[in-house]
Structures are given as structure tokens and as C-alpha cells.
Amino acid sequence: MSDLKWKDAGIFAGGVLLGTAGLRILASKDAKKVYTSCTAAVLRMKDCVMKTVDTVQENAGDILAEAKQINEARACADEAAIQEDFREVEPESEEEAEEESEEQEA
């Protein structure tokens, strides 16, 4: 039992020593230089990614605008085709109406 207590105490003491040494290493000037360099690299990467995102958004906006124009042009063409079909059908209807009225008079 006493062997187990000394083992636990040794593990605890080793953890404290490693933790203290780790904190000193993490707080050293060299480590701070590494942190600063890594942070600067991340900020540069962020700027690059944001430029790419802006470019993609602009392209998507252009594509959307062109798609709307295409759909408007198709809608106008369809409307014109419907009106043209109506004009072709309309005179026939009037002629038929005149023929019917003539037949009724006779």
C-alpha cells in the first residue's frame, strides 16, 4: 500500500515538473516568436481567402444577372409568340363569324 502511495506521489510530482517546464517553454521569447509568425501567416491566409470569396461572390452575382436577363428575353419571346399565334387565329374567327351571320340571313 505504501508503495502505491509513493508511486502516485511520484507521478504527481512529475506532472507538476512537466507542467512548470511546459509553461516556461510556452512563455519563452522563442515560443512567442513562433506564435507571432504563425498568427501572421494565418492573417495572410485569411486575407487571401477573403479575396477569393469576394471574387466568387462577384462572379455569382454576374451569373445571376445574366440568367435573369436570359429568362426575361425568353419570357418576352414566348409572349410575342403567343400574341402572334393569337393574331393568326383571330382573323379566322372573324371570317367564320361573318360566314355564320351570312348563312343565318339567307
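Which helix is Asp 62 found in? Select Asp 62 and you land in helix H2, residues 29-105. Before going on, know that this is a predicted model, where local features need pLDDT of at least 70, side-chain atom pairs count only at pLDDT 80 or more, and totals for chains, interfaces and linings use all residues. Residues are numbered from 1 along each chain as its sequence is written, and side-chain values use heavy atoms, with hydrogens and water left out.

Now show the whole chain as a cartoon. You'll see two helices and zero strands; helices (H or I, at least four residues) and strands (E, at least two) are DSSP runs, numbered from the N terminus.

Of the 106 residues, 1% count as buried (buried is under 20% relative accessible area, exposed over 50%, partly exposed in between, with a 1.4 Å probe and protein chains only).

Back to Asp 62: because its relative accessibility is 45%, Asp 62 counts as partly exposed.

Then try the cysteines. Cys 48 is partly exposed because its relative accessibility is 47%, while Cys 76, with a relative accessible area of 54%, is exposed.

Last stop: select Leu 26, which is found in helix H1.
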